[in-house]
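Subject: Structure handover

Hi,

Here is the structure I promised to pass on.

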Amino acid sequence: MRCYAVQEVKRVLAHTKGAERVFFWLATETGLRAGELIALRVSDVDLEKLAVEVSKAIWNGSEDNPKTEAAFRSICISSRLGSQVKEYLADRTKTQQEFD
């Protein structure tokens, strides 16, 4: 499996914004599997505790439990990522309200 160097990750994050930036940052910082990342919901992120709860995954287009019991877990995130997620969610809420 290919691993990215720190400079490569910094370059990716510098050239993305919005949902893509949050997705790639979460992937980098948490090490979540692709199916776990795309199964995340807003309710899975605790910005007060700076944690992400993994309780489901997407596999072959269907939502299911993670692969093993050990895959149910809580992962700490940095305060910088927490701020980025909070900003993204606030912007998303504003945009949704404009269209409602």
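To start with a question: are helix 1 and helix 2 roughly parallel or roughly antiparallel to each other? Before I get to that, please keep in mind that this is a predicted model.

Two packed helices are described by the angle between their axes and the distance between the axes. Here, helix 1 covers residues 6–14 and helix 2 covers residues 18–30, and they pack at an angle of about 160 degrees. Their axes are 9 Å apart. Angles over 145 degrees count as roughly antiparallel, so helix 1 and helix 2 are roughly antiparallel to each other. As for handedness, their crossing is left-handed.

If you want to pick out the contact on screen, select Val9, Val12, Leu13 and Ala14 on the helix 1 side, and Arg21, Phe24, Trp25 and Thr28 on the helix 2 side. By type, the residues of this contact split into 6 nonpolar, 1 polar and 1 charged.

Stepping back to the whole chain: it has 4 helices and 5 strands. In sequence order the pattern reads α-α-α-β-β-β-β-β-α. The C-alpha atoms fill a box of roughly 40 × 35 × 30 Å along the principal axes. The chain has 100 residues, of which 30% count as buried. If you take the contacts between residues at least 6 apart in sequence, 40% of them join residues at least 24 apart.

Arginine 21 is in helix 2. Setting aside neighbours within four places in sequence, arginine 21 is in contact with Leu13, Ala14, Thr16 and Gln84. Glutamine 84 has 16% relative accessibility, so it counts as buried. Its side chain makes a polar contact of 3.4 Å with the side chain of arginine 21. Beyond four places in sequence, glutamine 84 touches Val22 and Trp25 as well as Arg21.

Next is the area around helix 3. Glutamate 36 sits in helix 3 and, at 4% relative accessibility, counts as buried. Leaving out residues up to four places away in sequence, glutamate 36 touches Val54, Lys56, Ala57, Pro66, Ala71 and Arg73. For a distance to check, glutamate 36 and leucine 81 are 45 residues apart in sequence and 17 Å apart in space, C-alpha to C-alpha.

Arginine 33 lies in the loop between helix 2 and helix 3 (34–39). Arginine 33 has a relative accessible area of 41% and is partly exposed. With residues up to four places away in sequence left out, arginine 33 touches Lys67, Ala71 and Arg73. Arginine 33 and arginine 73 are 40 residues apart in sequence, with 13 Å between their C-alpha atoms. From arginine 21 to arginine 33 the C-alpha separation is 17 Å, for 12 residues along the chain.

Then there is aspartate 44, in the loop between helix 3 and strand 1. Is aspartate 44 buried or exposed? It counts as buried, at 7% relative accessibility. Apart from residues up to four places away in sequence, aspartate 44 touches Ala39, Ala51, Val52, Glu53, Ser55 and Lys56.

Last, a couple of backbone angles. Most residues other than glycine have a negative phi. Leucine 50 is not a glycine, yet it has a positive phi of about 55 degrees. You will find leucine 50 in the loop between strand 1 (45–46) and strand 2 (51–54), where it counts as partly exposed at 24% relative accessibility.

Asparagine 60 also has a positive phi of about 55 degrees without being a glycine. This one is in the loop between strand 3 (57–59) and strand 4 (62–64). Asparagine 60 counts as exposed, with 69% relative accessibility.

That's what I have, so over to you.

Cheers

Notes
Residues numbered from 1 in each chain as written. Predicted model: local features only at pLDDT ≥ 70, side-chain atom pairs only at ≥ 80, totals over all residues. Heavy atoms only, no water. Axes fitted to C-alpha atoms, helices over the stretch in contact; angles between N-to-C directions. Helix = DSSP H or I, 4+ residues; strand = E, 2+ residues; numbered from the N terminus. Parallel < 35°, antiparallel > 145°, perpendicular 65-115°, else oblique. Left-handed = near helix turned anticlockwise from the far one by under 90°. Contact = heavy atoms within 4.5 Å. Nonpolar A, V, L, I, M, F, W, Y, C, P; charged D, E, K, R; others polar. Buried < 20%, exposed > 50% of the residue type's maximum accessible area, 1.4 Å probe, protein only. Polar contact = N/O pair within 3.5 Å; in protein donor to acceptor, adjacent residues only side chain to side chain.
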